[in-house]
Amino acid sequence: MKIKRKAGYIPVLAVMAAFTVAPVSNAMHIMEGFLAPAYCIAWGLVCVPFIVLGLRSISRIVERDRKTMLLIAMCAAFAFVLSALKIPSVTGSCSHPTGVGLGAVFFGPLATSVFGLIVLLFQALLLGHGGITTLGANVFSMAIVGPFVSYGVYRLVKKLHGNQYAGVFLAAALGDLATYCVTSVQLGLAYPSPEGGVIGAVIEFLGVFALTQIPLAVAEGIVTVLIFNLIAKYGADETKSLDVFYEKGGAVR
């Protein structure tokens, strides 16, 4: 029975692997050297308490049930694959899925902030996406704000007794959009418009991002629902200690 359940993860991995065929070598978040040192330091310091709390959260989750380690690794891999995809956008950045909604739904936003940090660090070092100096800014937008929004949306839908898969879709899609709202603010603060100042620059960045990010957010929501459904179906051992499933028949066991 366990062999059958573990074999069920093959479709999950296959869906994730399918995304890796896209060209990603030039993808980036906020690129290396694009923010002034003061901004880089400030965003990095803001992230520190979230990462510390996130490490404690992961420790408690694993201590409670070590079988969740496989799911933790899978959620981190999902975020790595999706966030490596890119569509060129405004100068110094790009549009791409984030993939953090899945981890936020299963493990909460604090634990997911650690996944996001690891993903962004590996992408900066191995793929040339983003950068080390801009790591703090990218972590704050994608690995902190995005997961908090995803988690809050999913829990709200759960509290309102809404459809579970609609909750997952909205969590992933809105977490993605929240990331790019924050990225727009970060870029607006760093490069205010000569006429409209910071607010004008933020509005401009939001307008440009919206052209590519809204369709990507919808696509990310759909893919996240597919992966969530497969995990719900085949991951009973790994998810039994997590307070995630709530809809009658929503989690196919």
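The legends below describe close-up views of one predicted model.

**Conventions.** Local features need pLDDT of at least 70 and side-chain atom pairs count only at pLDDT 80 or more, while totals for chains, interfaces and linings use all residues. Residues are numbered from 1 along each chain as its sequence is written, and side-chain values use heavy atoms, with hydrogens and water left out.

**View 1. The chain holds 10 helices and 2 strands.** Both kinds of element are DSSP runs, numbered from the N terminus: helices are H or I with at least four residues, strands are E with at least two. Read from the N terminus, the order is α-α-α-α-β-β-α-α-α-α-α-α. The chain has 253 residues, and 51% of them count as buried. Buried means under 20% relative accessible area, exposed means over 50%, and partly exposed lies in between (1.4 Å probe, protein chains only).

**View 2. Arg155, Lys158 and Asp243 are linked in a network of salt bridges.** A salt bridge here is a side-chain nitrogen of Lys or Arg within 4 Å of a carboxyl oxygen of Asp or Glu. The rule gives a count of 2 salt bridges. Arg155 pairs with Asp243, with the closest N and O atoms 3.3 Å apart. Arg155 counts as partly exposed because its relative accessibility is 21%. Lys158 has 18%, so this residue counts as buried. Side chains of opposite charge can pair when their charged atoms come close.

**View 3. Helix 5 (residues 100-107) is largely enclosed by the rest of the structure, because 8 of its 8 residues are buried.** The buried residues are Val100, Gly101, Leu102, Gly103, Ala104, Val105, Phe106 and Phe107. Gly108 follows helix 5 and has a positive phi, near 90 degrees. The axes of helix 5 and helix 9 come within 9 Å and cross at roughly 45 degrees. Helix 5 is therefore oblique to helix 9. Axes are lines fitted to C-alpha atoms, for helices over the stretch in contact, and angles run from 0 to 180 degrees between N-to-C directions. Angles under 35 degrees count as roughly parallel, over 145 as roughly antiparallel, 65 to 115 as roughly perpendicular, and the rest as oblique. A crossing is right-handed if the near helix is turned clockwise from the far one by less than a right angle, and left-handed if anticlockwise.

**View 4. Helix 4 (residues 68-84) packs with helix 9 (residues 197-234).** The angle is about 160 degrees, and the axes are 13 Å apart. Helix 4 is therefore roughly antiparallel to helix 9. Helix 4 passes helix 9 in a right-handed crossing. Gly207 is found in helix 9. At 41% relative accessibility, Gly207 counts as partly exposed. The C-alpha atoms of Gly207 and Ser184 are separated by 9.3 Å, with the two residues 23 apart along the chain.

**View 5. Six residues form a nonpolar patch on the surface: Ile118, Leu121, Phe122, Leu125, Leu126 and Ile132.** Together they have about 580 Å² of accessible area. Areas come from the Shrake-Rupley method with a 1.4 Å probe; for residues, only the protein chains shown count as cover. Patch members have over 30% relative accessible area and no salt bridge; nonpolar side chains (Val, Leu, Ile, Met, Phe, Trp, Tyr) are joined within 5 Å, like charges within 9 Å. Ile132 lies in the loop between helix 6 (109-127) and helix 7 (135-159). Ile132 is partly exposed, at 45% relative accessibility.

**View 6. Phe148 is found in helix 7, and His161 is in the loop between helix 7 and helix 8 (164-190).** Phe148 is partly exposed, with a relative accessible area of 38%. Its C-alpha atom is 7.6 Å from that of Gly175, 27 residues apart along the chain. His161 has a positive phi, near 60 degrees, in a residue other than glycine. With a relative accessible area of 71%, His161 is exposed.
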